[in-house]
Amino acid sequence: MISALLLLAAEPQWNCKDPQAQQEMNMCAHIDFQRADAEMNAQWRSVVAAEREADKSIDRSYDQQPKHYDTLLAAQRAWLTFRDQTCLLESFEARGGSMQPMLDSGCKARLTRERTKQLKSMVEDEN
């Protein structure tokens, strides 16, 4: 993440309110995805803390199912694969073209925001 921020600092200022060129549209879509990813990672930390707390109350004398955190982690890893592959497929609308990165990043931003809402609801449901 830090290297991406350094890269952005070295790049020209992008007009993401009204991008005109494809390169600018691609970069703005990528920046939007990075913001969505940062929001999801912040929410992830809250969910992890809640699930680890829930794990403390499991009575292992009779409950041998996977712990909350372990299940959450497996689900998140599967979701990341789902997101990345779904967005790659969606971006194939412009396969090999200059707008493919924009479609991929836009899809990732959209699905990541949806996942952030899902993660947030996990914490809210436990309260």
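The dialogue below goes through the disulfides of this predicted model.

Q: How many disulfides does the structure hold?

A: A disulfide is a covalent bond between the sulfur atoms of two cysteines. The structure holds two disulfides. Counting bonded cysteines along the chain, the pattern is 1-2, 3-4.

Q: Which cysteine forms a disulfide with Cys 16?

A: Cys 28 is the partner, and the two sulfur atoms are 2.1 Å apart. Cys 16 sits in the loop between α1 (2–10) and α2 (22–55), while Cys 28 belongs to helix α2, so the bond ties together parts 12 residues apart in sequence.

Q: What is the torsion about the S-S bond of Cys 16 and Cys 28?

A: The torsion is about -90°, so this disulfide is left-handed.

Q: Is Cys 28 buried or exposed?

A: Buried means under 20% relative accessible area. Cys 28 has 9% relative accessibility and therefore counts as buried. Cys 16, at 36%, counts as partly exposed.

Q: Where in the chain are Cys 87 and Cys 107?

A: Cys 87 and Cys 107 form a disulfide with their sulfur atoms 2.1 Å apart. The pair links distant parts of the chain: Cys 87 is in helix α3 (residues 68–91) and Cys 107 in helix α4 (residues 100–126), 20 residues apart.

Q: Why is the disulfide of Cys 87 and Cys 107 called left-handed?

A: The torsion about its S-S bond is about -75°, so the disulfide is left-handed.

Q: What is the relative accessibility of Cys 87?

A: Cys 87 has 0% relative accessibility and so counts as buried. Cys 107 also counts as buried, at 0%.

Key. Residues numbered from 1 in each chain as written. Predicted model: local features only at pLDDT ≥ 70, side-chain atom pairs only at ≥ 80, totals over all residues. Heavy atoms only, no water. Disulfide = S-S within 2.5 Å. Helix = DSSP H or I, 4+ residues; strand = E, 2+ residues; numbered from the N terminus. Buried < 20%, exposed > 50% of the residue type's maximum accessible area, 1.4 Å probe, protein only.
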